[in-house]
Amino acid sequence: MSSIPSVPQPRNEPVHSYAPGSPERADLKSALERMAGERIEIPVIVGGREIRTGDTAEAVMPHAHAHVLATWHQAGEAEVREAIRSSVEAQRDWATWRWEDRLSVFLRAAELLSTKWRATLNAATMLGQSKTAHQAEIDSACELIDFWRFNVAFAERIYGEQPNSSPGVWNRLDYRPLEGFVYAATPFNFTAIAGNLPTAPVMLGNVAVWKPSDKAMYSNYYVMKLLEEAGLPPGVINFVPGDPAAITSQLLDSSELAGIHYTGSTRVFQHLWREVGQKIDRYRGYPRVVGETGGKDFIVAHSSADPEEVATAIVRGGYEYQGQKCSAASRVYISDDRWSEVRERVLAMLETVRVGDVRDFRNFMGAMIDRVSFDKITGYIEDARETDGAEIVGGGVYDDSVGYFINPTLVRVTDPAYRMMHEEIFGPVVAVYVYKASKWAETLRLVDETTPYALTGAVFARERSAVREAFDALRNAAGNFYINDKPTGAVVGEQPFGGGRASGTNDKAGSPLNLYRWLNARTVKETFSPATSYEYPFMGEE
Ligand code: NAD
C-alpha cells in the first residue's frame, strides 16, 4: 500500500461512574470477586518466553495483607542478560516496521483496555495497589488508554515535521529510534505510568527492558499480557521483575543501554544518573536519561480565597489514593483570616470520609502500599505529636492489623521549615502553615524556597492581582501549576505532566516533548543536480 495515513484523532477516554446499578459496576465487582478468589503465578517474560526461575516473592492486598494475590518469579543474572540480548535482536526487525503498523499495535491495546480488559486491569489495580474503583478507573483504564491513543497521534505529528527544501534539493528528517535498549523502571502508584514508560519509546521503534515495581507486580503483569494480545512482537518489551538494585546495576553495565525512562523517588533517580555518569565511556551513545520523581506539592490560599473550595482541594488533593500521588497536596499555606473556616470545613468532610477495603465501594480511601511505607508515614505522625509547634488537628489514627490503614491527617505547624513542610511523606498527611494575611508576597517566597522539589502546586484566590503575583513568583516552583483547582488529576492531552528542580527532567509524559527524547533524527539531503565543478562563479577572470 502506498499512502500517507492519518491516525484516528484521539479523544480522552470517558470516565465510567461505577454508580449503583451501572453495568460497569457489576462487571468490576465480578472481576474483583473472581480475581480475589484465585492465586496466580507471574513469570519473567523474555523474548516472548515465560520463565519460572523458582526464586519467588509474593504480591498481597495492602488492605488485607494476609491475602496473597500472586507468586512472582524474580529474574536473575541469566534472565537479565537474555533480556538485553533479546531486545537488541528484536529491534532489528521492529525498527524497520512501517510506523503505521507499529502504532496500530498501541491503538489496538487501547481498544482492548477500553473494552475486554477494562474490568481486569481496574480490579488488579484495586486489589494489588489498594485503589478505589474511581482511582483505578482514572489510572489503569482512562490514563493508560489516553497515553496510548495520544502518543500515537503525537508520533504521527512528529514524523510529519520536516525541514524546508531549496530548489533542486529534497531535505528530510528520518526519525530513527535509539540504538540499543531503553530501561523502563516504573513506580508502584500508577498502573498507567508503568504501562507508559516502556511503551512510549517502543512506539517509535525502540525496544525496552521493563522492570516493574515489586509493589505493583500484579497489575503490571496484566498490562504485559494485554500488550502481547494486542500484537506486540516477542522481545520488543521484556518484562523483568526482581531485585531493583541488582537488575539496574546489570542493565547499566551494558554497552547497549540507550536510555532510561524512570518514574519514582528522587533518591533512586539520582543514583541512576550517577551510575550512568560513572559508566559513560562504555556506552555506544549518550544514554537519554528521563525521570519524573518526587514532589512536595503546595496549595497556597490568599485571603480572597473561597474556604469551601480550598477545603475541598485539600481533601481531594491531599488524601485521594491515600496521598500516594506524586502530585498530592502535602503543604498548605493559608491566610490567617481564612484558616478557621477552612479548618472547620476540612474536619467536617473528614468526619464523613471512610477508610477501608477498596472492595467496599463506600470507602473513599484504601490502604498504604506496604509496611515500609506505613512505618515511614506513621513515624512522621508520631514526630508531629511530640514536636512543639506541630498540632494534629484531625486524624492521626492508624491500624495495620488487617491492612496498612492510616486515617487522613491534618497537622498545623508554626515553623514553616518543619520537616513536614519540605520532605516528601507520600501518605495521607497534610501540613498547614497559617500566615498573616498582610504577608502575601513573603509567603509566596516561602512557598518557592522551602523545598528542593517543583512538581505541582495550586493558588486559590478571587482577587486577580493575587493570582498574577503567585503566577510570577512561583514560575519555577511547579511544573504543573493550578489556579483555583487542586494540584492533582492531570489529564493526558490536557495538562502534560512533569516537574523541574529535584522533581525530574520535566519531559512531560504523554506529550510530544517526551517522545522527542526517544528519537535520534538523521538529516538526509538529496541533490537532484549534483555539482560537477569545485569552482565558484566569483573565482572567474575579471
Ligand atoms: P521507588 O523509588 O521506590 O521505586 C521506583 C522504581 O525504582 C521501582 O521500579 C523500584 O523497583 C526501583 N528501585 C528502587 N530502589 C532501587 C535501587 N536501589 N536501584 C535501582 N532501582 C531501584 O518509588 P515508588 O515508591 O515506586 O514510587 C513513589 C515515588 O515516585 C514518589 O517519590 C513519587 O513522588 C514518585 N512519582 C513521581 C511521579 C512523577 O510524575 N513525578 C509519578 C509517580 C510517582
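Modeller: Domain bounds here come from an automatic or database domain assignment. Please keep in mind that this is a predicted model.

Biologist: Understood. Why does the ligand lie between domain 1 and domain 2?

Modeller: Domain 1 (23-293 + 504-525) and domain 2 (297-483) both contribute residues to the shell around the ligand, so the ligand lies between them.

Biologist: How many residues surround the ligand, and which are the closest?

Modeller: There are 25 residues around the ligand, and the closest are Thr186, Lys211, Ser265, Thr293 and Glu424.

Biologist: What is the class make-up of that shell?

Modeller: The shell has 11 nonpolar, 10 polar and four charged residues.

Biologist: Let us turn to atoms. How far is an oxygen atom of the ligand from an N or O atom in the side chain of serine 265?

Modeller: That distance is 2.5 Å for serine 265. For the side chain of lysine 211, an N or O atom is 2.8 Å from a ligand oxygen, and a polar side-chain atom of glutamate 424 lies 2.6 Å from an oxygen of the ligand.

Biologist: What percentage of the ligand does the protein bury?

Modeller: The protein buries 89% of the 840 Å² that the ligand exposes when taken alone. The ligand sits in the largest pocket.

Biologist: Which elements give two or more residues to the shell?

Modeller: They are α8 (244-253), β10 (257-263) and α9 (266-278). Of these, α8 gives the most, with three residues.

How values were computed: Residues numbered from 1 in each chain as written. Predicted model: local features only at pLDDT ≥ 70, side-chain atom pairs only at ≥ 80, totals over all residues. Heavy atoms only, no water. Near = heavy atom within 4 Å. Polar contact = N/O pair within 3.5 Å; in protein donor to acceptor, adjacent residues only side chain to side chain. Areas by Shrake-Rupley, 256 points an atom, 1.4 Å probe, with all protein chains shown as cover. 1 Å grid on protein atoms, 1.4 Å probe; cavity = no way out; pocket = protein on both sides within 12 Å on 5 of 7 lines; lining within 4 Å. Sits in = over half its atoms within 2 Å of the grid points. Helix = DSSP H or I, 4+ residues; strand = E, 2+ residues; numbered from the N terminus. Nonpolar A, V, L, I, M, F, W, Y, C, P; charged D, E, K, R; others polar.
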